Structures are given as C-alpha cells and as structure tokens.
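The exercises below ask you to locate annotated residues and describe their surroundings. Please work through each task with the sequence and the model open before reading its solution.

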Amino acid sequence: MSETTDKEKKPPLNGRRALPSNNSNDEENEVPEMEAFGLIPRGFNPTDYLRVVDIHMFKEPHEINKQQHHTDKYYNPKLIVRRGQSFQIQVDFNRPYNPETDRFWLEYLIGRYPQQNKGTYIPILVRDVLKPGEWGAKITHKENNSIRLSIMSSATCIVGKFRLYVAVLTPFGILRTHRNSATDTYILFNPWCQQDAVYLDDEKEREEYVLNDVGIVFHGNINDIKLRSWSYGQFEENILDACLFLMDKAELELSGRGNPIKICRVASAVINSRDDNGVIAGSWDNTYTNGVPPSAWTGSVDILLEYYSSKQPVRYGQCWVFAGVFNTFLRCLGIPARLITNYSSAHDNNANLQLDFFLDEEGKVDATTTKDSVWNYHCWNEAWMTRPDLPVGFGGWQVVDGTPQETSDGMYRCGPASVQAIKHGHVCFQFDAPFVYAEVNSDIVYLRRAKNGTQVIENIDTTHVGQLIVTKEVGRDGMMEITEEYKFQEGSEEERLALETAVMYGVKKQTTQDTSYQPQTDVDMEFQVQKAVLGSDFKVTITFRNKSRNTYTATTYLSGNIVFYTGVTKNEFKKHSFSAKLEPYSSSAFDVVIKSSEYLSDLLDQASFHFFVTARINETGKILAMQKATVLEIPSLRIKTQGAMVAGKEMSVTVEFTNPLKQTLENVTLRLEGPGVLRTMKKEFRQIPMNSTLIWEVKCIPNRPGLRKLIASLNCDALRHVYGELNVQIQKP
C-alpha cells in the first residue's frame with residue numbers, strides 16, 4: 001500500500017497525544033465481530049460455541065427500566081436509564097448457558113476512540129454481587145436458553161448514548177454481537193442516587209426541577225410583576241439527541257461528560273451564538289428581520305430542533321429565551337434546574353459594584369457618558385450539584401447564565417457560580433461570581449460634573465438593584481421569593497460584612513470619599529406611576545415631603561423614556577418641568593398626565609417605560625433624583641377547549657383575541673403549543689381591525705394523559721408579548 005493512502009485514512013494527530021480527541025458522541029468505531037488470538041485452525045466453526053441470538057432491553061415506557069429510572073416520559077424508542085442505579089436486560093443464547101464452561105461479558109462503548117482509562121470503553125464481567133454506584137452485572141434469572149441480567153452503572157460515568165456489545169470467549173478468539181442500534185443505551189444524570197453529584201433529596205423538588213416539562217417565566221418589573229408559561233419539552237421527540245449534540249458542538253471531551261460543572265460551563269457558552277455559532281442569536285434592538293421575535297416563542301422545542309437540523313443559530317432570543325432553552329438542556333440530561341428572575345438587575349460593565357448615571361446641568365441623565373444599565377429584569381438559571389472543586393459548603397444551587405453579557409475566559413458565558421458564595425461575598429471561587437454579585441448588589445450613583453471639572457455625587461441609591469429574586473413555586477404555578485438565598489437583609493450587619501468580604505476578594509468598590517457628597521436630608525421625594533392598560537392615558541404623581549421649618553422651591557424635571565427591558569433608552573417621549581413650592585412640615589403632590597398619543601407610535605416589545613425625576617432645591621442647590629420603570633398592561637389571549645379530552649382522541653382548541661388598540665393590527669402571527677397535547681402550530685392573519693375579535697380553531701390528538709398546559713402567543717410589529725394559557729386535564733382512554 002502506498003504511503004499517501006495510508007496517511008489519508010488516519011485522523012490527524014498532534015505531538016501531544018497518541019489518539020485524537022474524543023469529543024463526539026455521534027461518531028463510532030468499527031468493532032470486530034471476530035477477534036482472533038492468532039491463527040485460526042481450519043476446522044473452527046463459530047456456531048459450535050455459545051452464541052447470542054437476541055437481546056431484550058425492556059425499553060418500553062411501561063416496562064421496568066423506564067419506570068424505575070423515571071425516564072418513561074421520554075418520547076424515544078431506545079433504553080434510557082440513570083447512572084448509579086441498576087437496570088435489567090435479557091440475553092437469549094443458542095443453547096442453555098453453562099457458567100462452568102461458558103464465558104461472556106458486556107461491553108459499553110461511546111465515541112470513536114473508546115479507551116478503558118477514559119471511561120469510554122467499559123467491559124462488564126458477570127459477578128455474584130453488585131456494588132452500588134460501580135459498574136457490574138449479575139445474573140438474576142435463568143430459563144431455557146435465556147438469562148436475565150441486572151446491570152449497575154457507575155454513579156460518575158459519562159452521560160450520553162452508549163453502544164452495547166455482548167462478547168463470548170472461545171479458545172481461538174472473541175466472538176461479538178454485530179452492531180445493533182436498537183440496543184443503544186442512553187445514560188443520564190441521576191438526582192435519585194446518593195452517589196451522583198446532582199443528588200437531590202426531596203421528591204417534590206425532583207418532580208419539579210427534573211420532570212416538569214412546563215414552567216413559568218416572571219417578567220415585567222418590580223412594581224408590576226408579570227408571568228407567562230414556557231414549554232421546556234425536555235421529553236419531546238429528538239430533544240435528548242439535540243441536547244447531546246450541543247455537547248458535541250461545544251467539543252466537550254467525552255471523558256468530561258460525567259461532570260455537571262464542566263457541562264454547565266460549556267453549555268452556558270453554546271446556548272448563545274456569540275463566538276461559537278451556538279443555539280440562539282440574541283437581538284435587543286427591536287428589529288427581528290429574517291427571524292422570530294423573542295416574544296413569539298412559547299417554548300424551547302422548536303428552537304432546539306431547528307438548531308439540531310440546521311446547525312445554524314436560531315434567530316432571535318433575549319434573556320428568558322436563553323434561560324428557557326438552557327433549562328430544557330439541563331433537565332433533559334437529568335441535572336435539576338430552575339429559571340430565575342432578578343428584578344432591577346445591574347449590568348455593570350466595569351464590575352466596580354456601582355452603576356454610574358451621569359447627569360447634565362439640567363439634571364437629565366447624559367446618555368453619552370452613562371455606560372452602565374439596569375435591566376427591568378434579567379433571567380438566568382440555577383443548576384443543582386456538588387462542588388468538589390470548592391471548599392465544603394458551596395455546593396447546591398449554582399448560577400449559570402447563557403445570555404451573552406460579558407466574556408469569561410474569553411467567551412460569552414457565565415457560571416457555574418455558587419449562590420452560597422455570592423451571598424457571603426466569597427467571590428474568589430470560580431466561575432464568574434463577581435459578575436453575578438454585581439448583578440444583585442450594585443449601588444446606583446448619580447454624578448454631576450461641576451463647572452470646575454470635578455464630579456459631584458448628587459445621590460446614591462443602595463436599594464434599587466436586586467430588590468427581588470424569584471422562581472416558580474415547587475408543584476404550583478405561583479411565585480417563590482429567593483432573594484434571601486442571594487443576599488442578607490438590606491442594611492443588616494451581615495450584608496455589610498458580605499460586601500467587605502467581596503471587596504477584600506477583589507471586587508472593585510469605588511470609595512465616595514474623594515467626591516464630596518452631602519445629600520439634602522430634610523426633603524423627601526417619591527413618585528408613583530398609575531397602572532395603565534396599553535393604549536390608555538395615565539398619570540405620574542410626584543410627592544414631596546418637607547420635614548424642615550423652611551419654605552423651599554423645587555425646580556422639578558420629569559423625563560419619560562421608552563426603554564428596552566435591558567434599561568437601554570430608545571427615546572425620550574415626555575419632558576415636563578415645573579416649579580413646586582414646598583411649605584414647612586407638609587407634603588405636596590403634583591400630577592403629570594401621560595397621553596397615549598405621546599407614546600403609542602414608539603412603543604417597543606415589552607411596553608416598558610422608564611421615568612427619571614430630578615428636583616433641584618433652589619435655596620440649597622441640592623438635587624434629589626429617582627428613577628422607576630413601569631410596564632403597561634398588555635391584553636391576553638383566551639384559550640378554550642371543546643369536547644372530551646382523552647388521550648388518542650381528537651379534540652378541538654380555540655384561541656381568541658380582541659384588538660384593544662386604536663389602530664388596525666397587520667401581519668399578525670399566532671403560535672400554539674402544549675407538550676403531550678400538540679406540536680407547535682402557527683397561523684398568520686393579514687389584519688385585525690380595531691375592537692374586532694380574531695378566532696382560530698385547531699384540531700389535535702393528545703398523546704399523553706394527565707394535567708397538561710396549552711400556551712399561545714400573538715405577535716405583530718405594533719403589539720408583542722401577548723400570551724394566553726390554559727391547564728387541561730387529559731383523561732386516559
């Protein structure tokens with residue numbers, strides 16, 4: 001054979017390793033069916049020896065394996081088990097098995113270059129006893145030509161799709177079963193197993209954080225919390241394969257895939273498309289050409305399946321979309337996970353624990369010099385695992401975030417960061433704890449450049465950021481507050497101590513001593529924004545309380561801005577100045593009316609406004625400053641069902657919507673999905689005139705009994721974030 005062809009066949013090697021890297025679950029190697037020990041004598045006939053005729057995997061959803069391993073919900077024909085827990089298979093031979101003379105063993109292989117020391121080639125001998133959490137097999141039953149085996153997998157083994165071979169020893173060589181994809185076995189993380197790094201001891205929490213395939217996203221803002229359902233769909237067809245593909249895409253070495261820390265770290269990078277062509281392309285500028293607006297998605301399934309087939313980033317996502325897809329990935333692999341919302345989330349671009357808002361001479365925020373922003377809310381995920389790489393006490397919930405905000409070790413990713421470490425200010429522990437600490441703990445500092453060039457601090461707001469951190473309740477659709485998992489009581493001694501610890505560990509905290517700051521203490525200012533429905537007028541009420549014996553006049557400026565939910569301003573739609581007379585020892589209130597005609601033409605996705613109020617006390621020259629976000633009420637979709645709701649029988653679902661705006665809605669898209677009831681359906685409507693009602697009826701055949709959820713969304717350029725949902729009880733046939 002000439003040298004060139006020989007070289008072409010071999011994969012490229014480098015000088016450091018004898019084998020190429022093994023980072024694809026999809027690739028396979030050729031396994032010989034006859035592995036001879038030397039020359040084979042002429043009379044050798046393999047059929048004279050023990051031979052495997054068939055292997056039964058007990059892989060149906062109602063059979064023992066999927067039932068015991070909590071994998072019966074996966075819409076996948078192959079065997080799916082969780083590591084560190086025994087499962088059953090049956091091997092049929094051509095004659096009764098004789099333990100005295102016959103020798104056979106099992107082989108599990110993963111990837112293209114299986115090696116025993118990497119955990120990618122696993123030979124399993126039959127033994128008398130199974131040790132918990134270690135690979136082994138024992139015969140539990142013999143009948144005629146068949147044996148029943150109980151197989152135990154290691155509680156630390158690789159998570160992925162393994163190939164199974166049965167090998168029989170003969171005097172002249174090893175005989176193996178041929179490659180049969182029907183015996184492929186998926187092995188997942190096991191939160192039910194005490195030796196597994198993701199072990200969770202509460203059954204109700206396991207049902208929520210691993211097995212629940214729908215969840216709630218909390219959005220809106222701190223003064224007006226809104227919620228919508230999200231379909232995770234981790235058990236739907238092809239989703240498990242799509243999630244394993246993500247690890248191949250991230251080129252995570254197979255031998256590292258038993259470690260939830262490594263998996264979370266690479267997944268937080270591959271969920272977004274920045275720097276690695278990952279799953280979702282983010283867009284925050286309100287233009288969503290050639291893609292789906294983030295608000296239109298109702299779940300993760302469409303996104304993951306599109307990425308799995310096209311291998312190109314899916315357009316478009318914002319934080320809750322990244323978090324929703326990340327949650328699907330984690331739950332699908334068996335890592336307990338939940339979606340978190342942090343209200344008034346700081347995006348501190350220089351990690352100095354303060355957000356600097358620069359005011360100009362009039363007391364307005366100067367957009368050119370202000371680089372930090374406060375997001376109305378930001379969604380991330382928590383994944384549950386032990387942290388053997390950190391000191392004791394930092395295991396449990398870990399923050400992971402797939403939204404591309406800042407780079408970490410050169411890539412857009414974030415986490416896993418221990419929630420416990422963030423609370424106590426121990427931000428020296430990997431990964432990205434300082435960034436998350438700043439998201440929930442920054443101070444807002446209002447600065448003004450004085451005539452002589454020095455910066456004067458006009459106001460410091462220590463309580464605005466990270467006021468409320470929430471997630472879905474376990475077993476119910478309500479909201480559970482988890483702020484105290486991230487931070488101590490505002491103003492407490494412990495909080496001060498945690499801050500000093502964080503500063504000691506290198507979180508930059510600018511001192512305010514070098515810039516003179518004496519606030520006006522004898523006048524308080526507050527303002528309230530009236531709750532309003534999209535398309536109506538509302539008012540902002542500014543209240544002053546003068547606690548002194550002096551009479552003051554306050555030159556007051558209100559600025560109303562239409563903002564992205566990230567706190568970035570699109571434009572100022574309302575400017576209003578007035579002079580307020582503040583009598584001694586009294587309160588005075590002033591109303592400013594906001595008309596719908598002032599804001600409707602520029603409204604963005606989430607109908608978010610941001611109001612700044614600054615007041616200068618003329619007698620002292622001091623400035624009071626405050627900011628608040630507000631969200632309009634967006635009308636919702638109504639979902640109804642007709643007829644009996646029985647698994648396997650056709651049912652009818654109707655979606656209705658009435659247009660509340662004083663204009664015709666054009667090019668409207670409706671989406672409807674419900675895991676176990678119907679695959680995502682879409683319908684386009686050219687126009688919905690003002691005050692008219694749209695009705696869309698679909699027929700579907702639910703395939704799973706139990707309590708399911710239908711989720712719908714409506715989208716058009718003038719109106720987004722319109723949702724509806726309905727719980728339906730599907731009966732057994």
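**Exercise 1.** Find which residues Glu495 touches, not counting residues up to four places away in sequence.

*Solution.* Step one is to look for contacts, meaning heavy atoms within 4.5 Å, and these show that Glu495 touches Phe488, Gln489 and Glu490 once residues up to four places away in sequence are set aside. This is a predicted model, in which local features need pLDDT of at least 70 and side-chain atom pairs count only at pLDDT 80 or more, while totals for chains, interfaces and linings use all residues. Residues are numbered from 1 along each chain as its sequence is written, and side-chain values use heavy atoms, with hydrogens and water left out.

Step two places Glu495 in helix α11, where helices (H or I, at least four residues) and strands (E, at least two) are DSSP runs numbered from the N terminus.

**Exercise 2.** State which residues UniProt lists for "binding site", and explain why they gather at one spot.

*Solution.* The unreviewed UniProt entry lists Asn441, Asp443, Glu490 and Glu495; its positions are given in the numbering used here, feature names are shortened, and annotations may be inferred rather than shown by experiment. Although these residues span 55 residues in sequence, no two of their C-alpha atoms are more than 13.4 Å apart, so they gather at one spot.

**Exercise 3.** Describe the residues that the UniProt annotation "active site" covers.

*Solution.* First, the annotation, from an unreviewed entry, covers Cys319, His378 and Asp401, which are spread over 83 residues of sequence but cluster in space, with a largest C-alpha distance of 10.0 Å. Next, Cys319 is in helix α7 (residues 319–333) and is buried, with a relative accessible area of 0%. Asp401, in strand β19 (residues 396–401), is buried as well, at 2% relative accessibility. Finally, the side chain of Asp401 makes a polar contact with the side chain of His378 (2.8 Å), a polar contact being a pair of N or O atoms within 3.5 Å where, within protein, one must be able to donate a hydrogen and the other to accept it, and where residues adjacent in sequence count only if both atoms are side-chain atoms.

Terms used. Buried means under 20% relative accessible area, exposed over 50%, partly exposed in between (1.4 Å probe, protein chains only).
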